[in-house]
Structures are given as C-alpha cells and as structure tokens.
Amino acid sequence: MSLTHIDIDDEALETAKRLGGHRTKTAAVAAALEAYNKRLARSAAYDKYFDMAQDWDIEGAEKAHRADKDVVRP
C-alpha cells in the first residue's frame with residue numbers, strides 16, 4: 001500500500017463516508033476505487049464481446065440450434 005496525498009472535496013468525501021457506511025476516509029476512498037475498477041473491467045469486457053459479436057452469424061447460429069433440436073435423443 002502506498003501513502004498518497006491528494007486533494008479531495010471534503011463534502012463529497014463526507015457524503016461517500018455517510019452513504020457507504022465507512023468509518024474512515026481511507027475506507028471510503030478504497031471502496032470508491034474498488035467500485036471504479038470493477039466498472040472499468042465490466043466496460044472492457046463489454047467492449048471485447050461487442051467486438052467479437054461483429055463476426056457472429058445469426059442465421060448460422062439459428063440453423064445449428066434447429067439442427068441440435070432435431071437430433072433424435074434416446
């Protein structure tokens with residue numbers, strides 16, 4: 001962990017502490033960073049799968065799905 005000095009709006013920090021139920025400024029900032037990192041990770045995943053989906057063939061997928069349903073199962 002590193003010690004960092006940054007300017008943070010006092011009112012915003014107190015609001016985050018109160019709404020998040022955090023007892024310390026450090027806990028509020030740590031929780032905010034964790035939430036921010038999760039949001040960025042989700043966004044990166046959405047972008048990745050959106051890019052992958054550009055090459056998907058819906059007609060081919062539907063045909064494969066129908067063929068799978070038509071398989072006679074014992």
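Helix H2 supplies the largest share of the lining, 5 residues. By residue class, the lining of the largest pocket consists of 8 nonpolar, 4 polar and 1 charged. The coordinates from which these values were computed belong to a predicted model.

Confidence in the prediction was examined for the protein and by element. The mean pLDDT of the protein is 88, with 95% of its residues reaching 70 or more. Helix H1 has the highest confidence, at a mean of 97, whereas the lowest is found in helix H3 (residues 58-70), at a mean of 79. Where pLDDT is low, predicted coordinates should not be read in detail.

The packing of two helices is described by the angle between their axes and the distance between the axes. For helix H1 (residues 10-20) and helix H2 (residues 25-53), the axes come within 9 Å and cross at roughly 85°. H1 is therefore roughly perpendicular to H2, because angles of 65 to 115 degrees count as such. On the H1 side, the contact is made by Leu13, Glu14, Ala16 and Lys17; on the H2 side, Lys25, Ala28 and Val29 take part. The residues of this contact comprise 4 nonpolar, no polar and 3 charged.

Technical notes
Residues are numbered from 1 along each chain as its sequence is written. This is a predicted model: local features need pLDDT of at least 70, side-chain atom pairs count only at pLDDT 80 or more; totals for chains, interfaces and linings use all residues. Side-chain values use heavy atoms; hydrogens and water are left out. Axes are lines fitted to C-alpha atoms, for helices over the stretch in contact, and angles run from 0 to 180 degrees between N-to-C directions. Helices (H or I, at least four residues) and strands (E, at least two) are DSSP runs, numbered from the N terminus. Angles under 35 degrees count as roughly parallel, over 145 as roughly antiparallel, 65 to 115 as roughly perpendicular and the rest as oblique. Contact means heavy atoms within 4.5 Å. Ala, Val, Leu, Ile, Met, Phe, Trp, Tyr, Cys and Pro count as nonpolar, Asp, Glu, Lys and Arg as charged, and the others, Gly among them, as polar. pLDDT is the predictor's confidence in each residue, from 0 to 100.
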